[in-house]
Amino acid sequence: MKFFEKLDLLMNITNTPNSLLARNIALDPSFVSRLRRGIRTPAKNENYIKAMAEYFSRNCSAQYQKNVLFETIKNTSRLVPEFNETMVDLLYNWFSEEEIDNSRPLENFLEGFKDFKFKKPSHAAYIDLPNISESTAANQEILYGIEGKQNAVIKFLSLVLKNKSPQTLLLHSDEDMEWLTDNREFTAKWTSLLSQIIIKGNKIKIIHTVNRNLDEMFYAIKQWVPIYMTGAIEPYYYPKTRDGVFRRTLFIAPNTAAVISNSIVNGSKNTANFIITDKRTVLALTDEFNDFLALCRPLMHIFTPFSKGEYLSVLSEFENEGSNAIIKTDALSSITLPVDAAESIHSRIDDNKKDKLLPYHKMRIKNFEESLQKCSFTEIITIPDLEDIKAGKVMISFSDMLGDAPLFYTAEEISSHFLNIIRLLRTFENYNVHLANNNQLPGCMVYAKEDVGVLVGKTSVPSFIFAINESNMTAAFWDYLNVMINKTSKEMAHKKQTIARLEAMVEKLKL
């Protein structure tokens, strides 16, 4: 029996609505709703599991309720209730039987961000290209199983690499990921070949499958991060639910070749994989892909220091959406930067467009404070080390997206920033700050708006940002940040304490 089924059963027999349970265990009602529907599963060892057990032990007291519960546990669980076991312990152990940690896929995904560096791709392992050249290849070749699919893809990429005219590759696979990720030698080959294909001027349109489990989905996207950074790839997704029974791989180079295969659910071990060079067939498959693409939406937009103008436009659009927001940054977010500090920082930007940045920031501040009248905004902040501040080592997040080089706070600028955060805390009920003693996922920024989208970025140089509005990914990041708040709020929950810590930091900076 899955966690969401257990939770739903207990909520039904105790007549507990989502909002009531949320109030009793200090979670957002929308998060409880997703837990109850099975959209989210609890992270391992979360405190709210114990809180749920305590709540239901108090409210599952009638004999008929106990009978239903004990009968369900008897028929669906390995647990054997002990004579001296309390109801709290029984429920906690029952809830904890299925421990699926949904925070790990996100953390693994973000860990890959902070380690990324732009670097020249290594050469692919040697492949006997003449033996698989387009001129000598049959119009159709069939290879079988996972190894056959891998060999077909290597042949396909090799043919594209030999083609002298750049083209746009069309890629999609919703088959089991085992063929793509389980063989390190194959992974090294296809990623290196693809990098060399891009260096030669080729582009890629890829349709990702977002109805996989979170781990698969984020792992797949993570594999493409180095290629995303080249600006040569356009990622898409199909927005409607599919049953996943019939699955397909479709890799097409319209001027060269195609690889296709089909499977049922996860049964890809013995499937036939076709590599096709017949021009008419490749053209027909290209039309099929484009018909599918017309039903899809962009999965994300990728911004680097080379596309800062586009990023500021998307940031404005994102922040103008009226919705609750949570942001986790390395130090302080730029949206709370006061005008005096912004003017000082902008004076150090060596860029011919800097005169446009200050009016942009002033408008951003105005819109932000207006939004606080209706929507909540929560920051998860790690206060920088005092000595690092005084030594000028605290970087202003994404400052390399504004100018040609990263910028660092002066002590006066960051002190002004702290004072403005204090002002916001005192002025706006909807503005909240959680001070974390340890910087979780350093080098990463996650900025989520409930039911709107998420900006995910690498804050260290070279910085980059992914703008995502796919609903499942947005919900995953939103839930992740809410869980992070649930952890940090126990350390520093009240505004008065937060203000006191920030004021103490300001006083230390005066010394």
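**Exercise 1.** Which strands does helix 17 lie across, and at what angle does helix 17 run to strand 12?

*Solution.* Before we start: this is a predicted model, where local features need pLDDT of at least 70, side-chain atom pairs count only at pLDDT 80 or more, and totals for chains, interfaces and linings use all residues. Residues are numbered from 1 along each chain as its sequence is written, and side-chain values use heavy atoms, leaving out hydrogens and water.

Step 1: find the elements, which are DSSP runs numbered from the N terminus (helices: H or I, at least four residues; strands: E, at least two). Helix 17 covers residues 411-427.
Step 2: helix 17 lies across strand 11 and strand 12.
Step 3: helix 17 runs at about 125° to strand 12, with axes fitted to C-alpha atoms, for helices over the stretch in contact (heavy atoms within 4.5 Å), and angles going from 0 to 180 degrees between N-to-C directions.

**Exercise 2.** Work out the strand order of the open seven-stranded sheet and find its edges.

*Solution.* Step 1: the order reads 9-15-14-13-10-11-12, with mixed pairing; two strands pair if DSSP finds at least two bridges between them.
Step 1: strand 9 (300-303) and strand 12 (431-435) each have a single partner strand, so one side of each has no neighbour in the sheet.
Step 2: strand-to-strand twist averages 10°.

**Exercise 3.** Describe how strand 10 and strand 11 pair.

*Solution.* Step 1: strand 10 (residues 325-328) and strand 11 (residues 377-381) pair in the parallel sense over four bridges.
Step 1: isoleucine 327 stands opposite glutamate 379 in strand 11.
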